[in-house]
Amino acid sequence: MPKKLTSAELKRCCDPSMFPFETTKDIPVIEGTIGQDRALRALEFGLEITNNQGYNAYILGEQGTGKMTTIRTLLQKKAASETVPNDQCYVHNFTKPDNPRLIEFLPGLGSVFQKDMEELVKILQTEIPKVFDSKEYDRQKSAIFEAFQKSQREKFSALDEEARQKNFGIRKTVSGLVMVPLKKNGEPLTDDEFSALDDEMKQAIEAQGKEYQERLDDVVRHVRQEEKAAKDAIRALERTAALAAVSIWISELQSKYRKTEGAVDYLEQVKEDVLDNIADFRPSDENPQQQALAMMMRGGKPETDLTRYRVNVLVDNKDTKGAPFVVESNPTYLNLFGRVEHRVQYGMAFTDFTMIKAGSVHRANGGYLVIDALDLLRNMFSYEGLKRVIKNRQIGMDDIWEQYRLVSTTTMRPEPMPLNIKVILVGNPMYYYLLYYYDEEFRNLFKVKADFDGRMKRTDDNLYKYALFVANRCAAGNLRPFDREGVGKIVEYGARLAEHQEKLSARFGLISDIMKEADFWAGKAGSDVVRAEHVEQARREAIYRNSRIEDLLKEATLEDTFIIETSGAKAGQINGLAVLGTGDYMFGKPSRITCRVYAGKAGVVNIERETKMSGKIHEKAIMILSSYLGGTYAGKKPISLSASIGFEQLYEGIEGDSATCAELYVLLSAISGIPLKQNIAVTGSMDQHGEVQPIGGVNEKIEGFFDICAARGLDGSHAVLVPSRNVRNLMLKQEVLDAVESGNFHIYSFDRVEEGLEIFTGMTAGARGEDGEFPEGTVNRAVDDRLRELTASHKDKKKDDNGNGETRRKDDSDEAANV
C-alpha cells in the first residue's frame, strides 16, 4: 500500500542540543580532513612507501571535497620531518663547454661554494698582476727576451757581413727579408743598373743572390723557432710565477670541499685553465672604444670573460626545512623542467651555463610535486615530459622546439640531474579513468589512487567534526562564530547537498561558501554571532541569485504558456517530474506527458525517440514499460495495439528513466479511458516486474511541483508520488514541510506501480483471480478488456484485408486468362 509521509519523514533536522557549546568560539580549532578515511589511508600509503618507482599518486574527487587542502596539510607535516636534499649546481665544463657539469653539495653549501668562487676570481685578479709587477719576474723575462734578441742579431749580422763582402745586403720589404745586390758604395743596385750589366754578370749575381737568399731563409726560420721557444719560455715563466699564487688559494678550496664529489676535480680544472689563460687576469692595454669594438666582433663576449669560473646554484636548499614540496599552479613545460635563457647584445643572442634556470621539478627533487591534472593536460608537452623524467629518474634540459625548426641551432645540453621525487596529481574522476584506460604508462607510473568521497556518514562523531570544521573556517577566514542552531542549519545544508538523511556532504568548498554568506548577512543584521536565520537567509539569497531561469519557467507555466494542469482529471495525460540544470543551479520542473492509443500493431511508440530527442536510458525505459505491459496483459494471448507517448512542449533532449512510472500510468489511462488526477505528480523508475526503483533529484522535483501548486493555491488535494527507496533522500525546504503539516499538500511513497495507479485513478488496480481474469471494476480489468477489443479489431481488419486481397488476385487471374 502507498504510504502518506509525515513532515518528520520529509527532512531529518539537526538537534542543536547535541552540540556541547554555545558558539563555535567555545571549541578548539583542530586541523584535519573530515570523512575521507579511505583517501587518507591511500595517501598515507603512497607517501610513505619508499620505492618511488611507479608509486606516485592521483587524488580524485568532486570539486570542493578538499583534495588540494588535504594534500598541502599532509605534505607540510610529512616533509618537515624528512631529510633536506642536496644543493644542485651547474659549473663550466672545460673539456666540453656545451655540456655544463653538475655538482651536488650538502644543503646550503652550494651558495657558499658560489661565493667562494666569486671571491677566488677577485683574489686572482689582484694577486696575479702583482706577480708580474715584481722585479724578479721582470729580470727573468728580460733575460729570456735579451737572449733571444742577441741570438737574432748575431745570426743576421754574421750573414749580412759575409754577404756584403760579395756586394749583397739584407733589406726589409713588404714580403719580408730579402737579399739584394749592392753597389760599391753600399747602395742597392737599381733595376736599370742591373739591366745595363752583361748577361754573364747578371747570371753570376742571380746565382750568388739565390744562394744568399736561401741562407737568409734558413736564418729567418731558425729565428722564428727561437722566437717561439722564447715565447714558450716566457709563458712557462708566467705559469711558474702565477702557480704559487693560484695554487695556494685553490688548494685551500680543495681542502674545504674534499668531501664533495666532483668539486676537487673541478677546482683542479679551474687551476689549469687559469694558468693557461694568465692574460685574462692582467689589465688590458686597449682603450674603452677598442674594447667595445673587439667585444662586438667576438659576438658580444668580452675578451677576458671570467664567467666560466662562476657557479650556477640551480637548486638552493639553504633555507629549506625538511624535504621540499612544490605546488605548481601553471605547469607549462618550461615551468616544470626549466629553461636555458639567452641574452641579446650587439644584435646577437648568446647563452652560457649561468643562464640555466630551474623548474618546479628541480626544486621539488628529493621531495614532492603537486600538480592539477587538468592544468597539466592543457599544456603542450608537459604531461609527456613529466612521464619521461619519472621513468628515466633524471631531469634533462631539452629544447622542445628544436625538432620543429627549419634550421638547427647550437644549444647547451647540461648534464642530466638524478631525480628522486613523488608526484601527486589532483583532478576529477573523469580524467583519472580516461588516463587509466587509454594510457598504459599512466597505470605504471601512478599506482596509488586516493579517492575522495563526496559524502560521509551522518554519525554523532561526524556531526561534531562538522562543528569543528565550522570553527576552523571561522578562525581561518576571520568569520563571526556560529551558535549551535546555526551549526545545525549548516549540518542540514550538508545533508541537502548529500541528498540523504543519513549522510552529509563532504564538499566543504560549498559549505565554506554558505558560511561566508551567512556571516555577511549576520553582519548586515548587526549580529556578532551567526544564527540559524542568517544561514537560512544565505540559502534563500543564493537561490534567488541563481533562479532566474526557474522563475521564468514558473511564470510561463502560471500564464499557461507551458500547460501544466493541477486540478481535475483527464485520460491519457499525467504530470511527470524532471530536473533541469543551468550549471550552477538545479531545479525541478513538471512535465506534461500524454498518450494516444489506437488499433494496430506498432506497439508503444516513443515520440522523442522518433524525433531523435531521446537518450539511450530513456529508450531502454520505454522497452521495460512494453515488457511489463506484455507480461501483465498478454500472458496467455498476444495483444495488438499502437500507442504513442510524448512529452508535450519539450524543446530539448530527454534522458533518464525517472518518468517510467508516469509513462506507464498515462499509457494504461489511454488504453482504459480511465482519467488520471491532474493534481498529483509522480516520479519513479520501474523494472519489468513492476517494482518501483529510486531516482535522483527527488527534492528538486517535489519542490518544483509544489511551487506551481502553491502559486495557484493549495487546497489539500495536491500530492506527489515518490519511490519508497527515495524517502531517505528527502531533505525538503521548510515551506513544503509546513504545507504537509497543515494538510494542504501530500507526499506518498510507493513500492509497486499498482499502488501509484490506485492513487491516480481512485480505483483498485486488481489482480488476476484463479480463473485468470481481473476483477470487475478494477483498472486492470478495464485495460484488459480494451486490449482485447483492440486485438480483435486488428484481427478483423486483417481478415478483411486478406479477403480483399484474394478477390483482387482472382480478378487478376481472370483478366490474365482473357488476355
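Before that, a word on conventions: residues are numbered from 1 along each chain as its sequence is written, and side-chain values use heavy atoms, with hydrogens and water left out. As the model is a predicted one, local features need pLDDT of at least 70 and side-chain atom pairs count only at pLDDT 80 or more, while totals for chains, interfaces and linings use all residues.

Let me begin with the cysteines. The structure holds zero disulfides, a disulfide being a pair of cysteine sulfur atoms within 2.5 Å. Cysteine 14 is in no disulfide, and the nearest cysteine sulfur, which belongs to cysteine 13, is 8.7 Å away. For cysteine 474, the closest cysteine sulfur is that of cysteine 14, at 16 Å, which is too far for a bond. Cysteine 14 is buried, with a relative accessible area of 8%, and cysteine 474 is buried as well, at 7%; here buried means under 20% relative accessible area, exposed over 50%, and partly exposed in between, with a 1.4 Å probe and protein chains only.

Ten of its 13 residues are buried, so β22 is largely enclosed by the rest of the structure. Strand β21, residues 573-581, runs antiparallel to β22 and is joined to it by nine bridges, where pairing requires that DSSP finds at least two bridges between the strands. Within that pairing, glycine 576 has serine 591 of β22 as its bridge partner, and in the hairpin, which has four residues between the strands, glycine 583 takes a positive phi near 100 degrees. β22 is also joined by six bridges to β24, residues 642-647, again antiparallel, with threonine 594 opposite glycine 646 in β24.

Finally, which residues does glutamate 441 contact, leaving aside its neighbours within four places in sequence? They are Glu384, Lys387 and Lys391, contact meaning heavy atoms within 4.5 Å. Glutamate 441 lies in helix α14, residues 440-445, and is partly exposed, with a relative accessible area of 28%. Arginine 388 is 53 residues from glutamate 441 in sequence, yet the two are 9.8 Å apart in space, C-alpha to C-alpha.

As for the surface, leucine 434 in helix α13, residues 429-438, is partly exposed at 43% relative accessible area.

How values were computed. Helices (H or I, at least four residues) and strands (E, at least two) are DSSP runs, numbered from the N terminus.
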